[in-house]
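Dear colleague,

I am handing over the structure we spoke of, and below it I have set out what was found. Please read the notes with the structure open beside them.

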Amino acid sequence: MKNTINSPQLMSTRDAYGQVLVEIGKEQKNIVVLNADLSQSTRTSLFAETFPERFFNAGIAEQNMMGVAAGLATTGFIPVVSTLAIFAAGRAYDQVRNTIVHSGLNVKIVATHSGITMGKDGSSHQSIEDIALMRVIPDMTVIVPADALETKKALRATIEYKGPVYIRLGRPEIPVVTDEESPFVIGKADILRKGNDLSIIACGIMVFQALKAADVLVSQGIKARVINMHTIKPLDLEILFNAAKETGAILTAEDHSIIGGLGSAVLEALACKEPRPPVYRIGVRDVFGESGEPDDLIRKYGLSWKDIVKAAKEVLSLKEG
Amino acid sequence: MDMAKLIEFRVNLLKERSSLLKHSVELVRGLKEAAIAVGQEIVKMTSNANSGHLGGSLSCVDILVALYFHQLNHNPRNPSWPGRDRFVLSKGHAAPALYGTLALSGCFPREELKTFRDIDSRLQGHPDNKKTPGVEISTGSLGQGLAVAVGMALGFKLAGKNNQVYALVGDGELDEGEIWEAAMFASHHKIVNITVLVDRNHGQNDGRTEEVMSIEPLAAKWASFGWKVFEVDGHNIKNILNVLDRSMENRSKPTVIIAQTVKGKGISFVEGNDDYHAKPLPKELVAQAIAELGKR
């Protein structure tokens with residue numbers, strides 16, 4: 001795969017998270033970290049080595065971990081809770097919903113290994129529903145950083161923000177597509193490519209695929225606007241409505257089920273907009289995944305830049321028709 | 001006792017806390033009167049709302065009163081005072097007992113109890129910390145409060161503070177796995193500033209606990225999870241005060257007090273009657289119930 005993005009740097013979002021967590025831990029003594037027997041996988045082991053007195057292993061007991069985090073938050077600490085996305089949003093859903101968010105507590109849930117691209121562990125560990133589960137909870141904030149750089153900025157913004165937040169990270173190493181300078185504001189999406197023919201709205205690992213697709217489309221005379229919708233909730237309605245008005249066709253892309261995630265959030269927001277642009281959704285098409293290399297899974301489940309290029313042309317034809 | 005007298009009683013208790021630690025006859029009598037008043041409020045609240053959990057609220061009144069009118073270091077006039085001890089009602093369906101106790105201890109007006117479960121009320125069907133002064137955490141989905149209490153205790157331990165944490169768990173919710181996850185966590189991480197009280201009323205939604213899901217041998221279970229275990233008659237206020245005192249001595253483990261209680265305590269036709277788990281009394285029985293509670 002030729003990398004047309006002007007950034008050779010590869011890093012996983014979980015690696016970036018592990019590093020910035022230590023940096024923030026040095027600055028703020030009220031940061032405490034909890035993990036459920038996955039400290040290496042979630043990279044919270046770096047924090048554990050640096051600040052053992054502020055790191056707590058809950059064992060393989062995610063429900064209790066969420067409850068303990070809630071209790072810690074009531075005493076003025078800022079708990080950062082990590083496990084795989086499938087367990088954070090699935091296994092402990094009721095604890096997140098009823099104890100943490102219902103009580104309005106300042107708990108930060110940072111979930112790694114999200115999406116089908118978590119890879120070889122297979123569908124039991126591939127969370128393709130977590131955006132949906134988290135964003136339907138009232139008062140919850142849901143963030144899906146596009147790369148390592150954005151992960152670091154997102155975690156800082158999340159710690160600054162007062163209230164519960166779910167951050168969705170991935171396992172594989174991915175290209176850095178954002179830049180050092182642009183600020184990260186929760187709920188404020190970024191336009192990474194200008195264009196008025198259609199808009200590709202992506203989050204997480206799919207931002208890279210969207211940019212690649214946009215480069216290919218440009219060579220074919222189609223100028224796509226690429227929007228990095230890093231916050232799924234609250235959704236940036238201004239940037240979305242402008243994209244609808246100015247480009248007239250929308251394609252969403254996410255490593256998540258096409259039901260309930262970014263694509264659904266976009267459709268919900270556009271439901272009452274007139275004129276309503278055609279919307280295509282790239283994502284896992286309501287099936288369980290399987291074991292495999294992330295790149296192979298991306299290809300097989302229709303999440304590659306090639307799929308985006310193809311869908312872009314289809315949605316464009318609807319616009320023109 | 002009317003509201004003003006109760007608040008005065010409460011304030012005097014706070015003032016004379018040290019001198020009353022010996023559990024004078026006067027103290028125990030005062031707490032009994034408060035428990036009667038809270039019990040009567042529970043009957044009225046659930047009857048007004050025509051819903052709510054009567055049996056499991058009445059079973060824990062004596063414990064709540066012992067905590068809020070004596071054991072807890074808190075300030076009803078400033079419920080969010082940072083130096084306060086914390087209480088978590090894990091069995092959130094006993095909200096009427098908590099609301100009655102909070103109101104009578106002065107956290108909010110007793111009048112407000114009439115609004116329980118009404119639209120626009122601060123007194124939700126299950127505790128909501130964002131709405132009700134004095135409620136520390138939202139509960140209701142069973143089995144979740146103990147983990148929160150453990151987290152609170154861990155926070156105070158980390159911060160080097162002396163605040164104590166108390167949690168009341170129902171015996172039915174001991175079916176939930178998260179309770180035992182939290183029990184393991186507390187002993188593993190050597191969290192000793194926590195006292196859990198089990199409202200062992202032997203009933204749950206579908207019937208007797210030992211028929212629905214047996215939890216005995218309960219004391220041995222907690223002990224095997226690394227907790228120090230006490231047992232007490234959960235309706236004998238003097239004994240509750242004594243066991244709370246004894247449980248504070250030489251803390252080296254998290255502590256649990258298994259309080260033997262009776263669902264619907266104080267009302268002859270409700271006691272042990274599983275029909276009143278999640279049901280209020282019919283209107284025509286309210287006066288009799290209040291009269292019977294008054295004779296406790």
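**The interface of chain B and chain A**

In this predicted model, 10 residue pairs, both members at pLDDT 80 or more, are found in polar contact across the interface of chain B and chain A. On the side of chain B that touches chain A, helix H7 (145-159) and helix H8 (177-188) of chain B each supply at least two residues, and H7(B) gives the most, with 10 residues.

Taking both sides, the contact draws 23 residues from chain B and 28 residues from chain A. Between them the two chains bury about 2,000 Å², of which 59% is on carbon and sulfur atoms.

Which side chains meet in a salt bridge? The count between chain B and chain A is one salt bridge, and in it the side chain of Asp139(A) meets that of Lys130(B), with 3.6 Å from N to O.

**A loop residue in chain B**

I have also looked at Ser51(B), which lies in the loop between helix H3 (25-49) and helix H4 (55-58) of chain B. If its neighbours within four places in sequence are left aside, Ser51(B) is in contact with Thr46(B), Phe116(B), Arg117(B) and Pro280(B).

With best regards

Note on methods
Residues numbered from 1 in each chain as written. Chains lettered and ligands numbered in written order. Predicted model: local features only at pLDDT ≥ 70, side-chain atom pairs only at ≥ 80, totals over all residues. Heavy atoms only, no water. Contact = heavy atoms within 4.5 Å. Buried area = accessible area lost by both parts, 1.4 Å probe. Salt bridge = Lys/Arg side-chain N within 4 Å of Asp/Glu carboxyl O. Polar contact = N/O pair within 3.5 Å; in protein donor to acceptor, adjacent residues only side chain to side chain. Helix = DSSP H or I, 4+ residues; strand = E, 2+ residues; numbered from the N terminus.
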